[in-house]
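Subject: Structure handover

Hello,

Here is the structure I promised to pass on. Please open it first, then read my notes below.

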Amino acid sequence: MLDEYVLLGGNVRNSPTPKMMNAAFGALGLDAVYRASDVGSADLDTAFARLRESGTSGANVTIPHKTSMVRLLDSLDEVPSRIGAVNTVKREGDSYRGYNTDVDGILGPLREKGLFRIRQAAVIGTGGAARALCEAMHVLGCSELTVFSRNPALATGFNAAMREAFPHAEIKLTSLDRPPSLETQLLFNASPAGANGIPLPKAMARVLDAKPLVFDAVYSPVEPGLAKLAKEAGWQAVYGDEILVQQGLQ
């Protein structure tokens, strides 16, 4: 019986994930297929109900559904229970359980660069990838996290949830349009900024004065805006496709 897996996201028609996963299935001799499905926020409930009815073996979840998917699942693994975000859904019997491989996707490239402890970090965005970044920073002992956001309501909810999950970390909210000059070892882009057609705030160049390692979760284009900016400034950068490969290995 053919196992079917689906990538659910707001704009995933050009995602490289199906090609990568189908090649892996073929190499391993697995009777499985992986496809992408564009699903708007208003249609997520209906789309996932159809996947249940068809007995889909599993799904990956990306922007903007990583937090919304939590309420649709029958159970959650430990990490998504703590951070309130999933990127992987697995059918287990007649139920669907949520996991989060974003955390390992972040930790893998950082450890390859020799970063096993980080005290100060900054993140752009307050969605599911930003929550995964908080978990990864907790693993690496981060005690100070600056969060850049343009949406005060989302930022407030994110801040409350992450403070509850990681009470020993100091989490600061600041405007994406007026970023302060700060000392930070890592700048992580968990937003769509820098992807095709979505400009980066010009003021973000100021944050690079601290010479952080720049980790851009965006993987399209291959050299996304923030990582390119860092490279031009002469600083180290990690690209979104490195997360993609690490996730695929999970």
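Helices here are DSSP runs of H or I with at least four residues, numbered from the N terminus. Ala-227 lies in one of them, helix α7, which covers residues 225-233. Please keep in mind that this is a predicted model.

**Overall**

The protein has 8 helices and 12 strands. It has 250 residues, and 48% of them count as buried. Take the contacts between residues at least 6 apart in sequence: 68% of these join residues at least 24 apart.

**Ala-227**

Is Ala-227 buried or exposed? Ala-227 has a relative accessible area of 0%, so it is buried. Leaving aside residues up to four places away in sequence, Ala-227 touches Val-214, Asp-216, Ala-237 and Tyr-239. Look at Tyr-239 in particular. Ala-227 and Tyr-239 are 12 residues apart along the chain, and their C-alpha atoms are separated by 6.7 Å.

**Helix α5 and its two partners**

Start with α4 (residues 102-112) and α5 (residues 128-139). The axes of α4 and α5 come within 8 Å and cross at roughly 55°. That angle makes α4 oblique to α5. Their crossing is right-handed.

Which residues make this contact?

- From α4: Asp-102, Val-103, Ile-106, Leu-107, Leu-110 and Arg-111.
- From α5: Ala-129, Ala-132, Leu-133, Glu-135, Ala-136, Met-137 and Val-139.

By class, the contact of α4 with α5 has 10 nonpolar residues, 3 charged residues and no polar ones.

Now turn to α6 (residues 152-165). The axes of α5 and α6 come within 11 Å and cross at roughly 25°. Angles under 35 degrees count as roughly parallel, so α5 is roughly parallel to α6. The crossing of α5 and α6 is right-handed. Here Ala-130, Arg-131 and Cys-134 in α5 meet Phe-158, Ala-161 and Met-162 in α6. The residues of this contact divide into 5 nonpolar and 1 charged, with no polar ones.

**Glu-135**

Glu-135 sits in helix α5 and takes part in the contact with α4. Is Glu-135 buried or exposed? With a relative accessible area of 4%, Glu-135 is buried, because buried means under 20%. Which residues does Glu-135 touch, not counting those up to four places away in sequence? They are Val-79, Arg-82, Ile-83, Val-103 and Phe-166. Val-103 is also among the α4 residues in the contact with α5.

**Two loop residues**

First, Asn-87. Asn-87 is in the loop between α3 (78-83) and β5 (88-92). Its relative accessibility is 4%, so Asn-87 counts as buried. The side chain of Asn-87 makes a polar contact with the side chain of Asp-102, at 3.2 Å. Asp-102 also belongs to the α4 side of the contact with α5.

Next, Pro-64. Where is Pro-64? In the loop between β3 (58-61) and β4 (75-76). Is the peptide bond from Ile-63 to Pro-64 cis or trans? This bond is cis, with omega near 5°. Most peptide bonds are trans.

**Where to look**

Finish with the cis bond from Ile-63 to Pro-64.

Best wishes

Terms used. Residues are numbered from 1 along each chain as its sequence is written. This is a predicted model: local features need pLDDT of at least 70, side-chain atom pairs count only at pLDDT 80 or more; totals for chains, interfaces and linings use all residues. Side-chain values use heavy atoms; hydrogens and water are left out. Buried means under 20% relative accessible area, exposed over 50%, partly exposed in between (1.4 Å probe, protein chains only). A polar contact is a pair of N or O atoms within 3.5 Å; within protein, one must be able to donate a hydrogen and the other to accept it, and residues adjacent in sequence count only if both atoms are side-chain atoms. Axes are lines fitted to C-alpha atoms, for helices over the stretch in contact, and angles run from 0 to 180 degrees between N-to-C directions. Angles under 35 degrees count as roughly parallel, over 145 as roughly antiparallel, 65 to 115 as roughly perpendicular and the rest as oblique. A crossing is left-handed if the near helix is turned anticlockwise from the far one by less than a right angle, and right-handed if clockwise. Contact means heavy atoms within 4.5 Å. Ala, Val, Leu, Ile, Met, Phe, Trp, Tyr, Cys and Pro count as nonpolar, Asp, Glu, Lys and Arg as charged, and the others, Gly among them, as polar.
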